[in-house]
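Biologist: Hi, I'm new to this one. Could you show it to me and walk me through it?

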Amino acid sequence: MKKVHNFNAGPCVLPKPAINAAIEALKDFKGSGMSVIEISHRSKDWEAVMTESEALWKELLNIPDGYRVLFLGGGASTQFCYVPFNLMNKKAAYLETGVWANKALKEAKYFGEVAIVASSKESVYNHIPKGFTIPTDADYFHITTNNTIYGTEIKEDMNSPIPLVADMSSDIMSRPVDVSKYALIYGGAQKNVGPAGVTFVIVKESALGKVERPIPTMVDYRTHIKEGSMFNTPPVFSILVMNETLKWVKSLGGLKVMQKLNQEKAAILYDEIDRNKMFKGTIVDKADRSLMNICFVMNDEYKDKEEEFMNVAKANGMVGIKGHRSVGGFRASTYNACPKESIQALVDCMKEFEAKNAK
Ligand SMILES: *Cc1c(COP(=O)(O)O)cnc(C)c1O
């Protein structure tokens, strides 16, 4: 197999042991003589995977009693409307820190009043707004912890006087989280915890049942709590790969270890971006810099070299480092499964490029 350094933003690199276990299960699921995509989702062997998956989430994130973990379809984008459907009576508050946050709040507007508590839109989302006040008359406060496109991240669990809801699509399982501070956490699996097709929802049961509107069965979290995420056919293959990915996280030592690895990896690349004469980071405030999506551009005097560097990086096996079209430049996504060697290889490329091209 061709050797590449995969910096894709999502879907993205996954741990090899998880992929290998998935290949085995695709061929023969637990010695059943059938593929995992051929078995009944009502079989005992499959139910065991569902139970184990929820248990792994609870163990790794140290989720307190009173919370459930759901595995649904539809992606994080469908959660943008699930959340107001289930939690909003009249008013919700949103922190606008990027394109995903903006998409989330647009959906909430179908259900009532949306207060944008603070926004960094005017400066192309290059920082996390600070010093805002969360309105106490809103039903919940929604944040996007990691901004996949712009490369900013809220790395600490904030205190909120009203129920806190977080889209953690792109930094879940990258650090320990104090789940007790949140009413709900959701995300698509395809960045840190598995392939596309499964959406995780961590929900505090006591936060539900407070809205006046009737909720259609499929969109009501209580349906999926009651049925253990098996009200309808779950995305079995995606859940299986997620399960194996979480086992890999556990085998490395859990989220404290993962956080340390992620901090070390990000530091290698950010240090080079700050040191190298030809490049600069797009996120000015270092405290806001994402450990998952590292964005950088050519320094002004080297703007004309962007394409050349891209070609050199590609020739050296780098995949997926083109920045989002709204930011330009480069973005290296350094999720849990991205090895340190890949980051080192990118840094080596940047060093060589500087040695050959810097004035
Ligand atoms: C990728 C991403 C989404 C969208 O996820 P889908 O599963 O494709 O709907 C939402 N929010 C954030 C922060 C993301 O990174």
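Modeller: Let's go through the domains, then the salt bridges.

Modeller: This is a predicted model, where local features need pLDDT of at least 70 and side-chain atom pairs count only at pLDDT 80 or more, while totals for chains, interfaces and linings use all residues. Residues are numbered from 1 along each chain as its sequence is written, and side-chain values use heavy atoms, leaving out hydrogens and water.

Biologist: Which domains does the domain assignment give?

Modeller: Domain 1 (16-252) and domain 2 (254-357); the bounds come from an automatic or database domain assignment. Their centres, taken over C-alpha atoms, are 28 Å apart. The contact (heavy atoms within 4.5 Å) takes 29 residues from domain 1 and 29 residues from domain 2.

Biologist: And how much area do domain 1 and domain 2 bury between them?

Modeller: About 2,200 Å², with 56% of it on carbon and sulfur atoms. Buried area here is the accessible area (1.4 Å probe) that two parts lose on being put together, summed over both. In domain 1, Ile149, Lys155 and Leu252 lose the most area to domain 2, together 21% of what that side buries.

Biologist: How many salt bridges does the rule find across the interface?

Modeller: Two between domain 1 and domain 2, counting a side-chain nitrogen of Lys or Arg within 4 Å of a carboxyl oxygen of Asp or Glu. As for a salt bridge in this model, Lys130 pairs with Asp285, with the closest N and O atoms 3.7 Å apart.

Biologist: Why would such side chains pair at all?

Modeller: Side chains of opposite charge can pair when their charged atoms come close.

Biologist: What's the salt bridge count by this rule?

Modeller: It comes to 22. One of them joins Glu354 and Arg275, whose closest N and O atoms are 2.8 Å apart. Glu354 lies in helix α9 (residues 340-357) and Arg275 in helix α7 (residues 255-275), so the pair ties together parts 79 residues apart in sequence. Helices here are DSSP runs (H or I, at least four residues), numbered from the N terminus.

Biologist: Is Glu354 buried or exposed?

Modeller: Buried, at 12% relative accessibility, whereas Arg275 is partly exposed at 43%. Buried means under 20% relative accessible area, exposed over 50%, and partly exposed in between (1.4 Å probe, protein chains only).

Biologist: Which residues are linked with them in a network?

Modeller: Glu272, Arg275, Lys351 and Glu354 are linked by salt bridges.

Biologist: And what about Asp300 and Lys303?

Modeller: Their side chains meet in a salt bridge at 3.9 Å, N to O. Asp300 is exposed at 53%, and Lys303 is partly exposed at 46%.

Note on methods: Helix = DSSP H or I, 4+ residues; strand = E, 2+ residues; numbered from the N terminus.
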